[in-house]
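Reader: I would like to learn how to read helices and their packing from a set of coordinates, working from single elements up to pairs. Could you take me through that in order?

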Amino acid sequence: MRYLWPLPITLFGAVLGIVVMTFGGTFRREGIALEGSGGPAADILWLFNPRGRIDAITLGHVIIARDAAVAHALRSHEQAHVRQYERCGLVFPLVYLAAGAWARMHGGCAYRDNRFEREARAAAAR
C-alpha cells in the first residue's frame, strides 16, 4: 500500500523526472525514491512557486532537486517526505497545506513551523 496510494503523484513526479533526464539532468534511484536533478530541474521547481526559490520537492516516491549538490544535501530531508507520502498517500499535499495553514493561524510560519517540515528536519538531523 505504501507504493500504491501515492502512485498518481509518483507518476506525475516520474514524468517530471524523465523531462529532467531528457534535457541534461539525472534521474536515478536514491534510497527509497527516484531522484531527478540538474538540467531543467530549477525551471520545473519554479513552476511550483514562481514567487520564491524551491531547492527540492517530493512528489510521492520522486524527488526533484535543483542540482546534484542540493539533492545530496537535502536527501535525508526529502526522503522523510517520501515516508510521509507513504503514510498519508494521495491526500498528503492536502494535509501538508492544512498543517501549514494551522501553523500560520497560530502565529508561525506556514513552511518552517509546518509539522511535516519539522518532522523532515528532525529526520535529516539524525
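Predicted model: local features only at pLDDT ≥ 70, side-chain atom pairs only at ≥ 80, totals over all residues.

Reader: What is the general idea behind reading a face from residue numbers?

Author: An α-helix has 3.6 residues a turn, so residues three or four places apart point the same way.

Reader: How far does α1 reach from its first C-alpha to its last, and what span is expected?

Author: Helix α1 covers residues 7-22, which is 16 residues, and its end-to-end C-alpha reach is 22 Å, close to the 22 Å expected at 1.5 Å a residue. Just after α1 comes G24, with a positive phi of about 105°.

Reader: When two helices pack, what should I look at?

Author: Two packed helices are described by the angle between their axes and the distance between the axes. For α1 and helix α2 (residues 41-48), the angle is about 145° and the axes are 9 Å apart. On the α1 side of this contact are F12, L16, V19 and V20, and they meet A41, I44 and F48 in α2. By class, the contact of α1 with α2 has seven nonpolar residues, no polar ones and no charged ones.

Reader: Which residues of α2 are buried, and what covers them?

Author: The buried residues of α2 are A41, I44 and L45. Their directions, seen down the axis of α2, fall within an arc of 100°, so they line one face of that helix. On the other side of α2, D43 and L47 are exposed. What covers the buried residues includes α1, β2 (33-37), β3 and β4 (62-65).

Reader: Strand β3 is in that list, so let us take a residue from it. Is I57 buried or exposed?

Author: I57 is found in strand β3, residues 56-59, and its relative accessibility is 18%, which is why I57 counts as buried under the 20% cut-off. Not counting residues up to four places away in sequence, I57 touches L45, F48, V62, I63, I64 and E78. The C-alpha atoms of I57 and G13 are separated by 9.3 Å, although these residues are 44 apart along the chain.

Reader: Let us move on to α4. Which of its residues are buried, and which are exposed on the face turned away from them?

Author: Helix α4 (residues 92-105) has 14 residues and reaches 20 Å between its first and last C-alpha, close to the 20 Å expected at 1.5 Å a residue. Its buried residues are F92, Y96, A99, G100 and A103. Seen down the axis of α4, they fall within an arc of 100°, so they line one face of the helix. The face turned away from the buried side carries the exposed residues L94, L97, W102, R104 and M105. The buried residues of α4 pack against α3 (68-88) and α5 (115-125), and α4 is followed by G107, whose phi is positive, near 85°.

Reader: At what angle do α3 and α4 pack, and which residues meet there?

Author: The angle is about 110°, with the axes of α3 and α4 9 Å apart. The two helices are therefore roughly perpendicular to each other. From α3, the residues H81, Q84, Y85 and C88 meet F92, P93, V95 and Y96 in α4. By class, this contact of α3 with α4 has six nonpolar, two polar and no charged residues.

Reader: And at what angle do α4 and α5 pack?

Author: They pack at about 100°, with their axes 7 Å apart. That angle makes α4 roughly perpendicular to α5. Here F92, V95, Y96 and A99 in α4 meet R115, F116 and E117 in α5. By class, the contact of α4 with α5 has five nonpolar, no polar and two charged residues.

Reader: What is V95 in contact with, leaving aside its neighbours within four places in sequence?

Author: V95, which lies in helix α4, is in contact with C88 and F116. At 30% relative accessibility, V95 counts as partly exposed.

Notes
Residues numbered from 1 in each chain as written. Heavy atoms only, no water. Helix = DSSP H or I, 4+ residues; strand = E, 2+ residues; numbered from the N terminus. Buried < 20%, exposed > 50% of the residue type's maximum accessible area, 1.4 Å probe, protein only. Contact = heavy atoms within 4.5 Å. Expected span 1.5 Å × (residues − 1). Arc of directions from axis to C-beta. Axes fitted to C-alpha atoms, helices over the stretch in contact; angles between N-to-C directions. Parallel < 35°, antiparallel > 145°, perpendicular 65-115°, else oblique. Nonpolar A, V, L, I, M, F, W, Y, C, P; charged D, E, K, R; others polar.
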